[in-house]
Amino acid sequence: MSSIPQIKLNDGTNIPAVGFGTYKLNGREGVKSIISAIHNGYRLLDSAFNYENEGAVGEAVRQCGISRDQLRITSKLPGRRHQYDQALLTIEESLYRAQLDYYDIYLIHWPNPITGKYLEAWEALVEAKKRGMIKSIGVSNFLPEHLDRIIKETGVTPSINQVELHPYFSQAKQRAYDKKLGIVTEAWSPLGRANDLLTHPILKEIAKNYHKSVGQLILRWHVQLGVVPIPKATSDQRQKENLDIFDFDITTEDMQKIDTLSKPDGRLKGQDPSKYEEF
């Protein structure tokens with residue numbers, strides 16, 4: 001298995017080109033899965049307050065035998081905690097739950113434009129970084145207008161914008177906007193969820209030509225787009241497979257074929273950040 005390249009963020013820190021998603025990895029079994037992922041080579045772990053597993057992630061970090069400074073741990077601020085003082089308290093509570101001294105990355109989980117307090121939340125993240133609670137700050141599911149507002153009001157640009165991104169929803173405009181601002185785009189649900197992405201005939205045909213699985217093809221597609229995918233896998237084999245994507249290159253022609261699968265309604269149901277309000 002080839003080594004994982006590093007991506008430099010606009011604050012000077014680095015993250016691996018592929019991360020590990022921990023959604024629904026809770027309790028003792030969750031800890032086992034996360035430790036397995038670390039032992040299989042993952043160094044970027046993605047969690048959230050709303051996943052209710054920050055404790056499991058922290059326990060895996062303590063048990064894994066890998067030096068803390070070799071890991072990049074992410075968590076996210078929930079939508080119901082955007083008020084400035086609440087946001088700072090939530091970050092503190094997140095650290096207590098994980099029993100960590102700091103988070104490498106902390107994101108605003110959703111902009112929640114209906115509530116309209118994401119600017120307060122961003123100001124709290126900026127302050128938390130100054131206090132040493134967070135190394136890098138970013139956002140998740142932010143559209144260009146949300147990014148413009150927080151940058152204009154604070155002068156601080158997010159390091160990361162984590163969005164839904166997969167071949168059915170390639171986010172070309174958002175990716176271009178993030179890139180223009182110097183923001184690294186991360187992808188949640190990079191392999192889709194509850195859809196037929198992994199069995200699509202075009203993807204199966206392309207993957208066969210590279211002697212790779214469809215999942216590996218899709219993750220490599222992300223990497224070549226300059227996007228950091230955050231796949232989740234519980235089996236040892238799949239965890240290893242999802243990292244084994246740095247020994248081949250997808251041709252320009254095949255990249256374009258994959259791009260044709262994107263469609264305006266390709267977003268997962270109920271996940272529109274311009275409308276959805278998270279509690």
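This is a predicted model: local features need pLDDT of at least 70, side-chain atom pairs count only at pLDDT 80 or more; totals for chains, interfaces and linings use all residues.
Local features need pLDDT of at least 70, side-chain atom pairs count only at pLDDT 80 or more, and totals for chains, interfaces and linings use all residues. Numbering starts from 1 along each chain as its sequence is written, and side-chain values use heavy atoms, with hydrogens and water left out.

**Strands**

Select residues 72-77. This is strand 5; helices (H or I, at least four residues) and strands (E, at least two) are DSSP runs, numbered from the N terminus. Five of the six residues in strand 5 are buried (under 20% relative accessible area; exposed is over 50%, partly exposed in between; 1.4 Å probe, protein chains only).

Strands 4 and 5 pair in the parallel sense over three bridges (pairing needs at least two DSSP bridges). L45 has I73 as its bridge partner in strand 5. From strand 4 the chain passes through helix 2 (residues 54-63) to strand 5, a right-handed β-α-β crossover. Right-handed means that, with the strands pointing away from the viewer, the path from the first strand over the helix to the second runs clockwise.

Strand 6 runs parallel to strand 5, joined by four bridges. K76 has L107 as its bridge partner there.

**Rings**

The whole structure has five aromatic pairs. Rings of Phe, Tyr and Trp (its six-membered ring) pair if their centres lie within 6.5 Å; planes under 30 degrees apart are stacked, over 60 edge-to-face, the rest tilted.

Pick F20 and Y42. Their pair is tilted, 5.1 Å centre to centre with 55 degrees between the planes. F20 lies in strand 3 and Y42 in the loop between helix 1 and strand 4, 22 residues apart. Both F20 and Y42 are buried.

Move to Y103 and Y106. This pair is tilted too, at 5.7 Å and 55 degrees. Both residues are buried.

**Charged pairs**

Show E59 and R62. Their side chains form a salt bridge at 3.0 Å, N to O (Lys or Arg side-chain nitrogen within 4 Å of an Asp or Glu carboxyl oxygen). They sit three residues apart in helix 2, so about one helical turn separates them.

Finish with K212 and D244. Their closest N and O atoms are 3.6 Å apart in a salt bridge. The two residues are 32 apart in the chain, each in a loop. K212 is buried at 14% relative accessibility, while D244 is partly exposed at 23%.
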